[in-house]
Amino acid sequence: MSTEKILNLSVDCVVFGYDTNTKSLNVLLINRFLKSKLTEEILVNDFVLTGYHVYNDETLDDTATRVLKELTGLTNQYKKQFKAFGDPDRLTNPKDLIWIENEAFNLRTITIAYYFLLKTEDVNLENNTFNPKWFPVNTLPEIGFDHEKIILEAYEDLKVKCLSEPIIFKLLPDKFTINEVQDLYQSILGIEIDNRNFRRKLINKKYIIALDEKQVGVSKKPSQLYMFSMDIYNKMFSKNYLISI
């Protein structure tokens, strides 16, 4: 058994965004592309999460915040550290080995994974140096490294978390309709929810505030708009939040 202790520590970030127009929960990915310097053959062409090695003077949260800011320009978004990935063989796919050899970084890398929740419309993809793209979490492209595993485990954690905390409102506009809330839950959980029952239960929540406003610019009859009050929620449920759907 080798006793060598050379390794790297990195942070990889799963950025989830919800598109209310397509009713799709998406993940933000960047293209990993490499050509042979000798033959122009495309050696690697897939998608990966954005991540960085941890600087000596940074906490893990600092690194995750830096990743998000450089990728999206955003700060102060909901984030959760959910798991460490340290399998010695996690970066040994043939394409990964080609990439690692070209980029000259350590094969033995332990990554701490975070996920962020934000609104897709808050991210400006134009003129972004990373050229990121949104992909529906259920129809991912070819993924490099072990990042598909990281994405899917983040997604499973999100499914559980959204039933115990009101984090889904981080994915919605500040003003939303009841149908938009239901669509989001259905998108995350992959289930059909009874419309009448869901609407009744949600409207009766004191932290869901009815506004004296309706949708604008819609072809059908405009729906009532609502907002989520974190202040009221915190006063009512300092410990437990469980939505019954």
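The buried residues of helix α4 pack against β1 (8-19), β2 (24-35), α3 (147-161), α5 (195-203) and β9 (224-228). Buried here means under 20% relative accessible area, exposed means over 50%, and partly exposed is in between (1.4 Å probe, protein chains only). The helices (H or I, at least four residues) and strands (E, at least two) are DSSP runs, numbered from the N terminus.

This is a predicted model, in which local features need pLDDT of at least 70 and side-chain atom pairs count only at pLDDT 80 or more, while totals for chains, interfaces and linings use all residues. Residues are numbered from 1 along each chain as its sequence is written, and side-chain values use heavy atoms, with hydrogens and water left out.

**Stop 1: helix α4**

Select residues 178-189, the twelve residues of α4. The expected span of a helix is 1.5 Å times one less than its number of residues.

How many of the twelve residues of α4 are buried? Eleven are, so the helix is largely enclosed by the rest of the structure. To see them, colour I178, E180, V181, Q182, D183, L184, Y185, Q186, S187, I188 and L189. Then step just past the end of the helix to G190, which takes a positive phi of about 70°.

**Stop 2: the largest nonpolar core**

A nonpolar core is a set of buried Ala, Val, Leu, Ile, Met, Phe, Trp, Tyr and Cys residues joined through side-chain atoms within 4.5 Å. In soluble globular proteins, nonpolar side chains tend to be buried together.

Of the 43 residues in the largest core, select V14, F16, Y115, I168, V181 and I188, which touch the most other members. The elements that give two or more residues to this core are β1, β2, β5 (78-85), β6 (109-119), α3, α4, α5 and β9. Which element gives the largest share? It is α4, with six residues.

Now centre the view on V14. Leaving aside residues up to four places away in sequence, V14 touches V27, L49, Y114, Y115, F116, I150, I151 and A154; contact means heavy atoms within 4.5 Å. Another core, of 24 residues, lies apart from the largest one, and L68, L71, W99 and Y114 are among its members.

**Stop 3: aromatic rings**

A pair of aromatic rings is described by the distance of the centres and the angle of the planes. Rings of Phe, Tyr and Trp (its six-membered ring) pair if their centres lie within 6.5 Å; planes under 30 degrees apart count as stacked, over 60 as edge-to-face and the rest as tilted. By this rule there are eleven aromatic pairs.

Show F169 and F176 to begin with: their ring centres are 5.4 Å apart and their planes are at 35°, so the pair is tilted. F169 is buried at 10% relative accessibility, and F176 is buried at 1%.

Next, show Y185 and F198. Their centres are 5.9 Å apart with planes at 70°, so this pair is edge-to-face. The pair links distant parts of the chain, with Y185 in helix α4 and F198 in helix α5, 13 residues apart. Y185 is buried at 0% relative accessibility, and F198 is buried at 2%.

**Stop 4: charges over rings**

A charge sits over a ring if NZ of Lys or CZ of Arg is within 6 Å of the ring centre and within 35 degrees of the ring normal. Select R66 in helix α1 (residues 60-72). R66 lies over the face of Y55, at 3.9 Å from the ring centre. Is R66 buried or exposed? With 14% relative accessibility, R66 counts as buried. Then look at K159, which lies over the face of Y155, at 4.4 Å from the ring centre.

**Stop 5: two loops**

Most residues other than glycine have a negative phi, and most peptide bonds are trans. N131, in the loop between β6 and β7 (133-136), has a positive phi of about 50° although it is not a glycine. N131 is exposed, at 53% relative accessibility. F145, in the loop between β7 and α3, also is not a glycine and has a positive phi, of about 55°. F145 is buried, at 18% relative accessibility.

**Last stop: L43**

Select L43 in strand β3 (residues 42-48). At 28% relative accessibility, L43 counts as partly exposed. Residues up to four places away in sequence aside, L43 touches L34, K35, S36, K95 and I98. The C-alpha atoms of L43 and K95 are separated by 7.4 Å, although these residues are 52 residues apart along the chain.
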